[in-house]
Amino acid sequence: MTDTARTQASKARAMKRLRKRRAADGRFRYYGLSAILTALGALAVLIFTIGSQALSAATYHVVNYDITLDPAVIAPEGAGRPEDISRNVEGFYGLVRDNLIATFPEAAKDRASRREVADFVTRLAVLPTAQMVAEQPELVGTRITLTAPLNDDLDLYLKGQGVRERKLGVGAIAAIKGEVEGGYRVTGAGAFDAVVAALAVAAADLPADAAEPGVLLTAGPSTGRLTEISAGSGHLELLTGNIKDFARLQSKARLIVALESERTISDQQIAWTLALKDMGRIERVPRKTLLTNSDSTYPELAGGLAAIVGSLLTMLVTALVAMPIGIFAAVYLEEFAPKNRVTEFIEVNINNLAAVPSIVFGLLGAALYINFLGMPRSAPLVGGLVLALMTFPVVIIASRAALKAVPPSVRSGALAVGASQMQTVFHHVVPLAAPGILTGAILGMARALGESAPLLLIGMVAFVGDVPRSPTDESTVMPVLIFSWSNNAERAWEPLTSAMIIVLLAFLLLMNGLVVFLRRKYERRW
Amino acid sequence: MDWLLIALIAVFGSSAFFLGRMRAERLLMSTAGRMHSRPNYHGYYVAMWATVPVLAIALSYAVFGEMLTRGQLARELPSSFSRLSPAELQSYLDSVRLAAGSAASAGADRVFEAITNRYLELRGLVNAGTLVILGLVAAFGIVWGQSRLKSDFRARALVENGMELVLFLCAGVAIATTAGIVLSLLYESLQFFQKVSAWDFLTGTRWNAQTEAEFGALPLFFGTFMIALIAMLVAAPIGLFSAIFLSEYASQTARAWIKPILEILAGIPTVVYGFFALLVVAPGIRSAAIWINETAIQLGLASEPILAAQPTSALAAGLVMGIMIIPFVSSLSDDVINAVPQTLRDAAFALGATKSETVQQVVVPAALPGIIAALLLAVSRAIGETMIVVMAAGKSARISMDPTSDLTTITVQIVSLMTGETGFDDPKTLSAFALGLVLFTVTLAFNVVALRVVKKYREKYD
């Protein structure tokens, strides 16, 4: 009787304890799962932020200018040779600016306006056209369409990233009257209801002493600045276009919260941009220049070609040095090395080198190659040699694993028919291990391709405007270009940097894809 | 000249090979097939004699050619140049070399032009001399190699011995690299410690290398330690739990998917992490810190801001670095956890332990040395990581426990000291090498301990 009671009581206690232990078990499993999800989530956030930024930089806005290549400007007396034309940036730029001023007569009114309209296009953006005309001199005197990228800040504005603004519908405008102090009085019953409401919301969010947000009113190609707004009327200061458009066409209001003095672009520039867009002269096109241009101080012209070529040259040097040395060293250690102190010391060194911080290799490169051997700074040759020292331990470790996987029966077979040890290794073992060796080498190269810290120390961070032609030319590489661009202050560099990161990741993905392909195709189990 | 040398060596090598093989083939005919080695090996043997000495000469030319020219030129300079210090003389000769290379030296003063011309003359002399010596040595090598070919000549054995030597030398590059690192760091550091005492460097608390030549590196060590600590606080639990989950709980398919995806984190270049930290994490941490400050003041917990809330912060760099190190910790721990024999687990299950009890009380203790080694390697990587901290940690050398303030690290300072104008006699540049020496020593210690632990541990269960 007492026995069963005690058993039952202890059974209940045991069940309780078991439940507790099972709950602890479940919790533990949940910790593991959440750790994995955290890591994967971090990866997803990283790829998403950079990917979405890069996507916005994958296209950009260009403006078309119909200009007549006036011989007096393009090829004046005594400067008509092709090389003079290709250098005549000022002439082409003048034509573009005059074209803009012809489109917007109000831009000619004072120096400030002329400067604002000149900001639309960077001087150097006309260079490709100048080079094209230099190659085809028969174009001089004809009418051509010159396409040049829009200023980076206006480009961001059109993408909705530069200036925060709200678009609001506006009711029909019934009457427009000129006013004494300039500008117009626009009236229409309830036309600006939405604007007044939005202004009230914006004012509540802003600190009390902040200035009122600016409001632009747009109708077709015409834009004006709207002030003194009430539900039924407002004062309109025409920035560009024809005042009659507001009566004729459906108007739209844009509420811009940032003050004009705190923005990189003025109301006037926004008005002209909207007008050009309305005329169909602004197009959004893929940014091919990211891969065909070299670095520039203007984000709308900058591209990564020089860095891509620099990376390829650097990788070439790295591969030529690191792969043979790494593979030969692996063959020695795996097939020939006697078991003694020297071999052991070499192995310790290799394992340590694989874990030495990359920046230490940069210090070695600066001291040895540049200071002691007097090699040129900023050159892919030196960069490649530094990266080779960093990569070859990785190649050795991977190659040894591949050599180890070749079964001893292959060696015994070759030795049995009278091959020397060298013949056994190079005629039989190495060819069989080749896919494994190659994948290890490619992985090592992929690591080197993404490396930037040691290259900063040997001067590969300099601004390079020309595509390098040989391994001793001044050059930079993709990761370092990403680093330099991310240091630039202008807002437009951010998406551009992300786009360059995607280009770099694409190269890495390509190399890793190659590894997967090689493994799938050649991997064999013994 | 460099390309010419490479081409010449290729020409010497291939012609020697064919000459040797032709001679061996003639021998083969005259002896009716009774030869120790195949003709190809005879060819290789002669080619070895033709190229190896030539290669040595070409290398020494590449290293010492410029030095030789400069030495002679410096001896011939007018006596007025003796006032220049060695460094000034070097930079003067650098400009001479540059002018000689560009051929557009017109407009410079006449002394400079004369020196440039003399430099070109001497350079030409050295080049011509090298070429003559090269040709003679190669010809002698071919003749000597040819003369040794006989029917019973053991060409194959000798060629294979030579080849083995080449393989050994390639393996020796590892030693040479380590020696190069140690020597270059030590050499430049010793020069630095002649100007600044090592004690002041290691214990000083003021670091102003760029402007005021104050070299107290303690704030850098502190910043490095702080950021590595934050990174490990992120990476160690997440990495460990991921490894445990993957090896003990996940199904085969989940493992096959998740493991490579985690490895992607390890394959992303560090500059990308740096950009991510700068773009997303640092501003996020800054606004969070500002919010905490404001809330604390509103609630009356503090009278002034408690957090520094700077645009770049130790926390941002540390967090992102932690994410970067996760796959490192998880894959190394995964390996050691998998190496724990299944019998240990089975025994625990047989005693009625739940899975988590088995993991906590049997598997992890058994794998502990390996896990510690993995964590040590991860710390060493965190200390040596450069791009993330350069982009997101800031540059002010201070000792502050506030993780939202910007701290600087050893690697950040090395980069900022070595970029831009660098002269190797400047204490600024030399201090970078002293920092590098500290970095190398510390990471080496971590690596050696970790590798030893791993090795010992592996032997235990094999």
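This is a dialogue on how to read some features of a predicted model.

Trainee: What should I know about the model and its numbering?

Mentor: Residues are numbered from 1 along each chain as its sequence is written, and chains are lettered from A and ligands numbered from 1 in the order in which they are written. In this predicted model, local features need pLDDT of at least 70 and side-chain atom pairs count only at pLDDT 80 or more, while totals for chains, interfaces and linings use all residues.

Trainee: Into which domains is chain B divided?

Mentor: Domain bounds come from an automatic or database domain assignment. Here chain B has domain 1 (2–153) and domain 2 (200–461). Taken over C-alpha atoms, the centres of these two domains of chain B are 49 Å apart.

Trainee: In what order do the seven strands of the open sheet in chain A stand?

Mentor: Two strands pair if DSSP finds at least two bridges between them. The order in chain A is E3-E9-E6-E7-E8-E5-E4, with antiparallel pairing. Strand E3 (165–169) and strand E4 (175–178) of chain A are at the edges with a single partner strand each, so one side of each has no neighbour in the sheet. Direction ignored, neighbouring strands of this sheet are turned by 30° against each other on average. Axes are lines fitted to C-alpha atoms, for helices over the stretch in contact, and angles run from 0 to 180 degrees between N-to-C directions. Helix H10 (residues 267–278) of chain A packs on the sheet and touches strand E6 (214–219), E7 and E8 of chain A; the direction of this helix makes about 75° with that of E8(A).

Trainee: Which residues stand opposite each other where E8(A) pairs?

Mentor: Strand E5 (residues 184–187) of chain A pairs with strand E8 (residues 233–240) of chain A over four antiparallel bridges. A:Arg185 is opposite A:His235, and A:Thr187 is opposite A:Ser233. Strand E7 (residues 222–227) of chain A is joined to E8(A) by five antiparallel bridges, and A:Arg225 has A:Glu237 as its bridge partner. The hairpin of E7(A) and E8(A) has five residues between the strands, and in this hairpin A:Glu228 takes a positive phi near 45°.

Trainee: Is A:Ser378, which has a positive phi, buried or exposed?

Mentor: A residue is buried if 20 or more other C-beta atoms lie within 10 Å of its own, exposed if 12 or fewer, and partly exposed in between, with C-beta atoms placed from the backbone. A:Ser378 is buried because 21 other C-beta atoms lie within 10 Å. Its phi is about 60°, although A:Ser378 is not a glycine. A:Ser378 lies in the loop between helix H14 (358–372) and helix H15 (380–405) of chain A.

Terms used
Helices (H or I, at least four residues) and strands (E, at least two) are DSSP runs, numbered from the N terminus. Two residues are in contact if their C-beta atoms, placed from the backbone, lie within 7 Å.
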